[in-house]
Amino acid sequence: MASNPDAPAYGSSLPAPNVQEIVRSDPLLVPERYLIRNEEDLPKCGDHISHLSSEVPIIDFSLLSKGHKEELKKLDLACKEWGFFQMVNHGVATEVLQAMKDAAAEFFELELEEKNKIAMPPDDIQGYGHTHVVSEKQILDWSDSLSLFVYPSRYRKLKLWPTTPKEFKEVIEVYSSEVKKVGEELLRSLSIIMGMKRDTLLGLHKELLQALRVNYYPQCCMPDKVLGLSPHSDKNSITILLQEDNATGLQIRQAGEWVPVKPIPNALVVNVGDAIEIWSNGKYKSIEHRAVTTESKARLSYASFLLPNDDVEVEPFDYMVESTGSVRMYKKVRFGDYLRQAFKKKINGKAHIQTAKIES
């Protein structure tokens, strides 16, 4: 068991089958537990590509970090109307991104026995396995994952970090430190567009936490009947995602449609989480998103979650209440409690943030 007295525990998950092994043993088998029963939730495959896909905002990080007024306006609009944007010129070297992709791909190709050396313990959601499995009856997602706390470094449970390939630990460290710099700068920009001083929002996190989740979506012979990841909004402040360059799997809910986020080579995808929605009094929305599968090949994605410290009390800023119509829409929530409650449930759209809303 990986024991680290400093590291917070956020929840646990029931054991679930390894999807990669299901495909390895029989590529034409999709067990009943993965089949979606509600027709509205079924992914649309083939020719149905939303026209909105080409409209997902693109933000130039190099301009944003210099305080460029037009780019700050674009950030405000992207967070208000989309809750998602693609970020270019972010300064993370292509070699760092590629090293992450290569090491992760090598890890997931290992034999199950090797990967299970860092299997998620029954009382934790770090390690290799599955999260948000809370019932033997729920429909499961067509994916396996590796989840790790990276910052602060004293929260790392190194017994749950991969040792093969041997460079993977260092790759995670380098990639995450670069993403952290980008994330801190983004929080400074968000602070400015929320009417505060540059470092106020970052300071309110007390100590910025960062977790990494690498998702592996095996190929699926019934991509129109399963989901790689169920629809959900993220609970944290912001999420920074690296996608594969040549495979579209991420979809966001916009204007009642599921819109594919087509990868821009070496761009990072950023989305607003529930904490920012609450702090902004609903001006910036955490948007539902999901992952679909493909019949032709497996796909990986790399999500870094930036979140406040456990004891941070998140509530709407006065300035945001005034600028959004003077009605406070959300209660004060202690972030650690909010997050732990979420991990006790199956992920389900925007259901969890309803617990923070003030009933009118």
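1. In this predicted model, an open sheet is built from 4 strands in the order β6-β11-β8-β9, and their pairing is antiparallel. Its edge strands are β6 and β9 (257–260), each of which pairs on one side only. From one strand to the next, the twist averages 25°. In general, the strands of a sheet pair through backbone hydrogen bonds, either parallel or antiparallel.

2. Within this sheet, β6 and β11 run antiparallel and are joined by 2 bridges. Histidine 232 has histidine 289 in β11 as its bridge partner. His232 is also one of the residues that lie nearest the centre of the largest cavity, and both β6 (229–232) and β11 (289–291) supply at least two residues to the lining of that cavity.

3. Glutamine 254 belongs to strand β8, which spans residues 250–254. Its relative accessible area is 15%, and glutamine 254 is therefore buried, the cut-off for that class being under 20%. Apart from neighbours within four places in sequence, the contacts of glutamine 254 are Leu52, Glu81, Trp82 and Val259. Glutamine 254 and glutamine 341 are separated by 87 residues in sequence, and their C-alpha atoms are 26 Å apart in space.

4. Another open sheet has 8 strands in the order β1-β2-β10-β7-β12-β5-β4-β3, with mixed pairing. At its edges stand β1 (58–60) and β3 (127–129); each has a single partner strand, so one side of each is left without a neighbour in the sheet. The twist in this sheet averages 25° from one strand to the next.

5. β3 and β4 pair in the antiparallel sense over 3 bridges. On to the next pair, β4 and β5 run antiparallel and are joined by 7 bridges; here serine 147 has arginine 213 of β5 as its bridge partner.

6. Strand β4 is mostly covered, with 8 of its 8 residues buried. β4 (144–151) also supplies at least two residues to the lining of the largest cavity. In a regular strand, side chains alternate between the two faces of the sheet.

7. Helix α6, formed by residues 168–193, lies across β2 (84–88), β4, β5, β7, β10 (268–272) and β12. The helix runs at about 130° to β7.

8. The structure holds 3 cavities of 30 Å³ or more, and the largest cavity contains about 830 Å³ of space. Its lining comprises 50 residues, with Thr131, His132, Arg213, His232 and Phe305 lying nearest the centre. By class, the lining divides into 25 nonpolar, 17 polar and 8 charged residues.

9. Several secondary-structure elements each supply at least two residues to this lining, including β5 (209–217), β7 (238–243), β12 (299–307) and α10 (335–343). Arg213, which lies among the residues nearest the cavity centre, is the bridge partner of serine 147 noted above.

10. Valine 312 is placed in the loop between β12 and β13 (313–314). Its relative accessibility is 2%, and valine 312 therefore counts as buried. Leaving aside neighbours within four places in sequence, valine 312 is in contact with Leu204, His205, Lys206, Trp279, Val333, Arg334 and Phe335. Of these contacts, histidine 205 is 107 residues from valine 312 in sequence, with a C-alpha to C-alpha separation of 6.5 Å.

11. Histidine 352 lies in the segment after α10. Because its relative accessibility is 6%, histidine 352 counts as buried. Beyond neighbours within four places in sequence, histidine 352 is in contact with Lys235, Tyr338, Gln341, Ala342 and Lys345.

Note on methods. Residues are numbered from 1 along each chain as its sequence is written. This is a predicted model: local features need pLDDT of at least 70, side-chain atom pairs count only at pLDDT 80 or more; totals for chains, interfaces and linings use all residues. Side-chain values use heavy atoms; hydrogens and water are left out. On a 1 Å grid over the protein atoms alone, a cavity is a set of points where a 1.4 Å probe fits but cannot get out, and a pocket is an open set with protein on both sides within 12 Å along at least five of seven lines; lining residues have an atom within 4 Å of a point. Grid points are joined across faces, edges and corners, and a volume is the space filled by probe spheres set on the points. Ala, Val, Leu, Ile, Met, Phe, Trp, Tyr, Cys and Pro count as nonpolar, Asp, Glu, Lys and Arg as charged, and the others, Gly among them, as polar. Buried means under 20% relative accessible area, exposed over 50%, partly exposed in between (1.4 Å probe, protein chains only). Contact means heavy atoms within 4.5 Å. Two strands pair if DSSP finds at least two bridges between them. Axes are lines fitted to C-alpha atoms, for helices over the stretch in contact, and angles run from 0 to 180 degrees between N-to-C directions.
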